[in-house]
Number of protein chains: 4
Amino acid sequence: MSRSTQKTFKIRFFVDFVDADPGGVVHFSNYFRFFERAEQEFYRSIGLGGFSWFIQNNYGLPRVKVSCTYKSPLRVDDEIEVELKIEKIGRTSIHYSFHYSFTIHNLTTQKICGTGEVTVVLVDLKKWQPLGIPDTIIKKIETWSKRV
Amino acid sequence: MSRSTQKTFKIRFFVDFVDADPGGVVHFSNYFRFFERAEQEFYRSIGLGGFSWFIQNNYGLPRVKVSCTYKSPLRVDDEIEVELKIEKIGRTSIHYSFHYSFTIHNLTTQKICGTGEVTVVLVDLKKWQPLGIPDTIIKKIETWSKRV
Amino acid sequence: MSRSTQKTFKIRFFVDFVDADPGGVVHFSNYFRFFERAEQEFYRSIGLGGFSWFIQNNYGLPRVKVSCTYKSPLRVDDEIEVELKIEKIGRTSIHYSFHYSFTIHNLTTQKICGTGEVTVVLVDLKKWQPLGIPDTIIKKIETWSKRV
Amino acid sequence: MSRSTQKTFKIRFFVDFVDADPGGVVHFSNYFRFFERAEQEFYRSIGLGGFSWFIQNNYGLPRVKVSCTYKSPLRVDDEIEVELKIEKIGRTSIHYSFHYSFTIHNLTTQKICGTGEVTVVLVDLKKWQPLGIPDTIIKKIETWSKRV
């Protein structure tokens, strides 16, 4: 079983000084931190308090596979928009996974500066074993995906 | 010559997952990054585009001395308010310095979680030598300090 | 034109506390920082002073595309070995690129914990335009690849 | 009760690219990460497996107060030596604290680039309450301090 949605979730912020490297541009590893910030804000927006619901219920969301393509540089003080799309919620007999795609828009230069993909699985934070997730959480995501 | 102001500048944001450590709380070094984010937003608010005016005009703002006292923990998804106060703008015959103080309020727990002090000097970014600063910039700060 | 080498370059270090997140494991974005540390040490090992030769000669090495697959967790104080392989040095009429692959071995758990690929291009650090590279540098890499 | 030692513990490493900011120098917040790396290596050197003994036994080591004075810049690829001194092990009826001082030497420029002080307390990682520490640990530190 898998579900997908055409809807996207977006956050905007300015690039912090510390996020850029001696080349004057955002360090490539920070694109993944920006992706995760969008993911965290998404879960906040649907009523899970960011990642807090997961942490409090002993869920971890380790990444399985990630990638990023860099298209144009991001500089200190550029305003950016990170756009998150849930490409797929995967469910097998033993685990749940989320497959997200991300696009980073540089609002200051009007360019797309990067796209990425991130696949996570749900695990028991202590045993680090695959785990299901309550239907109520999946329903929250589906409800969001149908909101206009 | 020195100037000070009683006025404070504040920013609010949520704690990112990556900012916390295996103890479950924000890593102590990140308090200084939060201080700097407030400083950068302050310079954006008075029309300098964050740190961009400084970078474009070849100014660096290296820290000379910093300190932080930790009072209560900050956790993932806590909403925080960082309050910046310009305690002093110092000016000698050869250089300018800014002395800031910061307070981090944890809006989620309603506790003060840290206070800090940061002193920076203005330098030529290439020669790393002390540098003055145009009166127009100092006036922008003074204008801000008098706004109600 | 492209060259490749079967030889690998390896570095070892212990996982810092700050590199792990509230899940108790190294934050996924830091795998890319570990890859870059191996790359920097590689360039140090062949006599370029790490990235210093590039910086001093106004070269940037922006990433074009990166990916990482996570296989098992890395925890605080685990000893790790990052293995770098130069899969390809690409050269067109206008630019040079390096394609690296990486494997992170967790020496503490005796498991492979991640593999990654990183493609970089050489650019003029100021103009952010593709750039060639002196043959002497390419020769240093080739000399290394033939050393037993 | 308090103890102090004149002995110092030192680690050496090269500055990573990602640790420097667009000013071309190590971001000031990273000095504190370097201090912590020395602390972690110190605990590894006396047989505690870095911070692992603390984590496995449910101890946290939150910082209470930290400061740093910056004397000269650290650049990418500079080799540095971080020197740690345990100024004081404090013990009251309810808690233990460690007061460290640090000096960062830039071996490349032959300059001292920063000095710092860090005070930590031992807490129960779950309850975040002050905690004592077994005499065996204190003895390991004392044994180290007497080694020639």
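Predicted model: local features only at pLDDT ≥ 70, side-chain atom pairs only at ≥ 80, totals over all residues.
Let's start with symmetry. Two copies of a chain are related by a rotation about an axis and a shift along it. What rotation and shift take chain A onto chain B? The superposition needs a rotation of 180 degrees with 0.0 Å of shift along the axis, and the RMSD is 0.0 Å. The two copies are thus related as by a two-fold rotation axis. If you want to find that axis on screen, look for Phe13(A), the residue of chain A that comes closest to it, with its C-alpha at 5.3 Å.

Now for another pair, chains C and A. Here, too, a rotation of 180 degrees with 0.0 Å of shift superposes chain C on chain A, at an RMSD of 0.0 Å. In chain C the residue closest to the rotation axis is Ser67(C), whose C-alpha lies 2.0 Å from it. Again the same surface serves both copies, with 100% of the contact residues of chain C recurring in chain A.

On to the helices, and I'll take α1 in chain B, residues 28-48. Its 21 residues, at 1.5 Å a residue, should span 30 Å, and the end C-alpha atoms are 29 Å apart, which agrees. Is this helix mostly covered or mostly open? Mostly covered, as 18 of the 21 residues of α1(B) are buried. Just after the helix, Gly49(B) takes a positive phi of about 65 degrees.

For helix packing, let's switch to chain D. There α1 (residues 28-48) packs on α3 (residues 135-146) at an angle of about 100 degrees, with the axes 10 Å apart. That makes α1(D) roughly perpendicular to α3(D). On the α1(D) side the contact is made by Phe42(D), Tyr43(D), Ile46(D), Gly47(D) and Leu48(D), and α3(D) brings Ile137(D), Lys140(D), Ile141(D) and Trp144(D). By class, that contact has seven nonpolar residues, one polar and one charged.

Last stop: Thr115(A), in strand β7 of chain A, residues 111-121. At 26% relative accessibility, this threonine counts as partly exposed. Which residues does Thr115(A) touch, leaving aside those up to four places away in sequence? They are Phe35(A), Ser67(A), Cys68(A), Thr69(A), Lys71(A), Phe102(A) and Thr103(A). Glu83(A) is 32 residues from Thr115(A) along the chain, and their C-alpha atoms are separated by 9.3 Å.

How values were computed. Residues numbered from 1 in each chain as written. Chains lettered and ligands numbered in written order. Heavy atoms only, no water. Least-squares fit on C-alpha atoms with pLDDT ≥ 70 in both. Axes fitted to C-alpha atoms, helices over the stretch in contact; angles between N-to-C directions. Helix = DSSP H or I, 4+ residues; strand = E, 2+ residues; numbered from the N terminus. Parallel < 35°, antiparallel > 145°, perpendicular 65-115°, else oblique. Contact = heavy atoms within 4.5 Å. Nonpolar A, V, L, I, M, F, W, Y, C, P; charged D, E, K, R; others polar. Expected span 1.5 Å × (residues − 1). Buried < 20%, exposed > 50% of the residue type's maximum accessible area, 1.4 Å probe, protein only.
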